[in-house]
Amino acid sequence: MKTIAVLGAGYAGMRAAKKLAHANLDARIILVNRNPYHYEATQLHQVAAGTKEPADVTFDIRKAVSPRIEVLIDTVTGIDQDKRQVGLGKHEPLRYDYLINALGFESETFGIKGAEENGWPLVDIDTALAARRRLENTLANYRNSHDPNDLHVVVCGAGFTSIEYLGELVYRMPKLVAKYDLPADQVKIICVEASPKILPMFSQNLVDWAVNYLKKKGVEFHTSTAITEVRPGAVVSNDQEFRANTIIWTTGVRGSHIIADSGYNQKRNRVVVEDDLSLTDHPEEFLIGDVSAVPDPESGRLFPTTAQISIAQADTAAANVIARVQGRQTQRFRFKSIGTVCSLGPQAGVAEIDMMGKWKLKGAVVGIVKKIVNDRSVLELANVKTMLESN
Ligand code: NAD
């Protein structure tokens, strides 16, 4: 009997396992993940801001997948492509005939001095909770310290994660100010972005709306300001310094370090794959999600690393593994975006939807759209029961 290993139970891995289970193959399907739970990476910013609890954005993998899937809770330590073997922290190495690698992302520091030591990334439940504790403890500390930097937060980068985090933060901050009895007029929220443009994937009027919304709630934006160093209590951009005792590091992501550690030909731990998402020299191996670099023939660039695209890649990779097992031709990856949603807290946001015409949305209605997107995502990865339980 053939063994199909799926590494990682993020969006890509969960979806691939679900699709493989439905195929009724005469094969052993093993899903390996470090934690017994899946987390919704697109909602980590809410855990970090304290507007959602970990239980709201996680679900038990074993309860969510088909009993046909063997779930192995362990940490992948390496992949031996020639031996077709996955190294594991606690178990014996796992031999496979087919591999779907969906090991996901880590925080990217671009080698910026002090970023790792002094910035708080949002990459999983533990880091999101750590960032939340840092924020709350630092604000609470102001009553003893009277250090104005305890009331300052710097958010590094103005990509999706940063902007969505800022939206939650401005929503929660008045509650924290009241809770810790803080001087509201001295609270400062600063966003520092290297590029001149924020949220470049949205139309300018939506970007302007989002930026104005956040500015009105007190966020100070510094664009065209590349961070060159992070020190304890300060973010530095050449000769400018932004002082804050909470520094949120959301300047982008790279793939899992297991990719470089295992000797793959990679850039930022992403591996360029064939148009069917397999590797040229290892057609039994498929890479999807953040560890994969998939050229988009339409734009000539790589597809971005979004949850929506990861789920679509999982469908193609699973269909192609099934095709290989059954001796059929594989299919190439195709993707049609149904739109992009950027929430700004629970009551606002911007969205461009491409379904039954093009929709440009802003304001409270986006909160409803985001809820639909989140529910749909859980449904695509798990089942109706999990979706209802996570509401
Ligand atoms: P990102 O790459 O989208 O944004 C990072 C931002 O940090 C960029 O604007 C970049 O210019 C800036 N930056 C990088 N280095 C810098 C420096 N030295 N100084 C100042 N600014 C710097 O990363 P992300 O926000 O972590 O998102 C990761 C991926 O996940 C993206 O593909 C994103 O589209 C996706 N995502 C999507 C959603 C959504 O669809 N709602 C939500 C979260 C993340």
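Guide: What follows takes some labels in turn and sets each against its cut-off, bearing in mind that this is a predicted model.

Visitor: Why is leucine 182 called buried?

Guide: Leucine 182 has a relative accessibility of 8%, and the term buried applies under 20%, so leucine 182 counts as buried. As for its place in the chain, leucine 182 lies in the loop between α6 and β13 (188-192).

Visitor: How far is leucine 182 from aspartate 74, in sequence and in space?

Guide: The two residues are 108 positions apart in sequence, and their C-alpha atoms are 44 Å apart in space.

Visitor: What makes both faces of strand β9 covered?

Guide: In a regular strand the side chains alternate between the two faces of the sheet. In β9 (residues 98-101), Tyr98 and Ile100 lie on one side and Leu99 and Asn101 on the other, and all of these are buried, so both faces are described as covered.

Visitor: How do you know that β9 pairs with strand β1 and with strand β21?

Guide: Pairing requires at least two bridges between the strands. Strand β1 (residues 2-7) and β9 are joined by four bridges in the parallel sense, with valine 6 opposite isoleucine 100; β9 and strand β21 (residues 285-287) are joined by three, again in the parallel sense, with leucine 99 opposite glutamate 285. Both pairs therefore meet the requirement.

Visitor: Which residues form the shell around the ligand, and of what kinds are they?

Guide: The ligand is surrounded by 22 residues, of which Thr161, Glu193, Ala194, Ile227 and Val341 are the closest. By kind, the shell divides into ten nonpolar, nine polar and three charged residues, and helix α6 (residues 160-180) gives the most to it, with three.

Visitor: Why is the ligand said to lie between domain 1 and domain 2?

Guide: The shell around the ligand takes residues from domain 1 (2-108 + 253-336) and also from domain 2 (115-249), so the ligand lies between them.

Definitions and conventions:
Residues numbered from 1 in each chain as written. Predicted model: local features only at pLDDT ≥ 70, side-chain atom pairs only at ≥ 80, totals over all residues. Heavy atoms only, no water. Buried < 20%, exposed > 50% of the residue type's maximum accessible area, 1.4 Å probe, protein only. Helix = DSSP H or I, 4+ residues; strand = E, 2+ residues; numbered from the N terminus. Near = heavy atom within 4 Å. Nonpolar A, V, L, I, M, F, W, Y, C, P; charged D, E, K, R; others polar. Domains from an automatic or database assignment.
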